[in-house]
Amino acid sequence: MIMTDNQTRRPNVVIILTDDLGYSDIGCYGSEIETPHLDALAAAGVRMSQFYNTARCSPSRASLLTGLHPHQTGIGVLTRNDGPGGYPGTLSQECATLAEILGSQGYATAMSGKWHLTGQIREPDETWPTRRGFDHHYGIVAGAASYYDPATLTEDEQPAEAGDDYYLTTELGERAAGYVHDHHAAEPEQPLFLYLALTAPHWPLHAPEDVVERYHERYRAGWDRLREERHARQQESGLINADWPLSERDAEVPAWADTADQDWQARRMAVYAAQVELADAAIGRVVSALRDTGRLDDTMIIFLSDNGGCAEEMPPGYADELPARPIHTPLNSPAGVRVRTGNAPEIVPGGADTYTSYGKPWANLSNTPFREYKHWVHEGGIATPLIAHWPAGLSGGVTVHDPYQLPDVLATVLEATGAEYPERRDDHPVPPAEGTSMLPSWRGGAVDDHELFWEHEGNSAARRGRWKLVRKHDRPWELYDLDADRTELTDVAADHPDLVQELITAYQAWADRCGVLPRDQVLATHDDPGPSGRTHLVVNSYRSARVAASVDGDAR
């Protein structure tokens, strides 16, 4: 039974964030990967077709937890100080986190997973999760890690060790489920806010062999056929409009029939798929814990991803030969084997002695039916699956097509819980929250159009109703009618010059108000090593230029 807005029982809140998961990578969004737990949540809840993140790891996390745009939180690009006049690269003390808000209003709070909101990854400071509202935290502080022996692994504020047969995704799910059981045993009437921030399926490609082997033959079908199959399932399920054509295969990706080393390429995607399946299993543990404690019906679960599929490649080598090895890359496996990094057919991904990524060809599959990837604000970079499950508050089996973005999550949680957004944090005024509650939309009500805006590394976009203005950082603005062409194949900017100018003006007003900095000003320092003096080279294209990644584990 759906409770009214005047309900007196405050729901538990569980936010589940995956890392680098593409729009079509779970079953209910078209994938061939086994994700039964997420599919069940969607079938009994709300599936959103047009929800958006901010195109990158830490900016998305900052926006999700504060209800602000990332530039307002101090994390405009990544968790690294951009120098004088740039973003601080760490979560501002002037914004309030959802954990702080709910914790101050009677909720217990716990986090399991990746933080990635601080430039200080070695010693606890005021930007660590336990000092930003979470009663407990288990997980990594930096932006990436080996799944078998993760760097920056902490429990609360103490270093934690990975034991024998350790696998990070599984342990994060166990810890999150444990928080549910322990809290219910201690305080059965107190509502809980749980944040499960999985690192999966972010590189490195690490997964147990028994799960990987189930997928290898499936991916020998190749990316061309699989993109078509995912697209067909998306259309059949009503997720996307049948009139929107599948975007063409990325021009830098060869046809599968012309691809050398097909067995190795299939292996890459098989490991990635195993990572997604194991993430789904971890989520299933949390759902089971909620069910076992009788809390599931009164829990709002929100699932989403921090950006689109990741096209980053890595040059091959050994970890101990990297010119500046980042903290997240181990020298040796737990068994003492020298770690090989990068992508080449002689490096078979999956084991602890490798550190690899799946690259642009498979990211193109992950983002079906869209084009572009993590970093960019075309649909492939910012469109995420979002599932909302709350039996006491929402009807099930609903697909919502209204567009929303990350600041709207906090607004939705506040409406559901009755929590009040603060005016001040310590001695500082808190910036007004930017979001709009999605509850009316989820419940089938009429909603007003609202403008959406994005910026990351100079990649910029504005959306008003059906119209989306978007550009890559150094290219002209493009305009798309997303009602007719959500795969962004036909640029109609030349046909609507007045609308283009209106949206440019609206975008610039938003950028000025939210503190968006010029791209050159922000990225000028990013070719230098980060705070610890380390960089890591990745290739942000299938066969193009090298770029430096930050020490915290997220490539640019």
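Tutor: Two strands pair if DSSP finds at least two bridges between them, and helices (H or I, at least four residues) and strands (E, at least two) are DSSP runs, numbered from the N terminus. This is a predicted model, in which local features need pLDDT of at least 70, side-chain atom pairs count only at pLDDT 80 or more, and totals for chains, interfaces and linings use all residues. Residues are numbered from 1 along each chain as its sequence is written, and side-chain values use heavy atoms, with hydrogens and water left out.

Student: Thanks! Which are the edge strands of the open sheet of 3 strands?

Tutor: The order of this sheet is β9-β10-β11, and its pairing is mixed. An edge strand here pairs on one side only, and that holds for β9 (317-318) and β11 (354-355). The edge strands are therefore β9 and β11.

Student: What is the bridge partner of Tyr318 in β10?

Tutor: Strand β10 (residues 340-341) pairs with β9 over 2 bridges, in the antiparallel sense. Within β10, the residue bridged to Tyr318 is Arg340.

Student: Let's go to the open sheet of 4 strands; which strands stand at the edges?

Tutor: The order here is β17-β18-β19-β20, with antiparallel pairing. Two of these strands have a single partner strand, so one side of each is left without a neighbour in the sheet. Those strands are β17 and β20.

Student: How many residues of helix α2 are buried?

Tutor: Buried means under 20% relative accessible area, exposed over 50%, partly exposed in between (1.4 Å probe, protein chains only). Helix α2 covers residues 57-66 and is largely enclosed by the rest of the structure. Its buried residues include Cys57, Pro59, Arg61 and Leu65. The count for α2 is 10 of the 10.

Student: What covers the buried residues of α2?

Tutor: Contact means heavy atoms within 4.5 Å. The cover includes the helices α3 (98-103) and α11 (407-417). It also includes the strands β1 (12-18), β7 (192-197), β8 (299-305) and β17.

Student: Just after α2, what is the phi of Gly67?

Tutor: The value for Gly67 is positive. It is about 75°.

Student: Thr152 is not a glycine; what is its phi?

Tutor: Most residues other than glycine have a negative phi, and most peptide bonds are trans. Thr152 sits in the loop between β4 (136-140) and β5 (153-155), and its 14% relative accessibility makes it buried. Its phi is positive, about 60°.

Student: Where is the place of Glu488, another residue with a positive phi?

Tutor: Glu488 has a phi near 55° and is not a glycine. Glu488 is buried too, with a relative accessible area of 1%. Its place is in the loop between β20 (478-481) and α13.

Student: A cis peptide bond joins Thr368 and Pro369; what is its omega?

Tutor: Pro369 belongs to the loop between α9 (359-366) and α10 (379-382). A cis bond also joins Ala200 and Pro201, with omega about 0°, and Pro201 is in the loop between β7 and α5 (209-212). For Thr368 and Pro369, omega is about 10°.

Student: Arg230 is charged by name, so to speak; is Arg230 buried or exposed?

Tutor: Arg230 is part of helix α7 (residues 223-236). Leaving aside neighbours within four places in sequence, its contacts include Asp25, Glu32, Tyr219, Met269 and Thr368. With 0% relative accessibility, Arg230 is buried.

Student: Which residues point one way from β12, and which the other way?

Tutor: In a regular strand the side chains alternate between the two faces of the sheet. In strand β12 (residues 383-389), 7 of its 7 residues are buried. Ala383, Pro385, Ile387 and His389 point one way. The other way point Thr384, Leu386 and Ala388.
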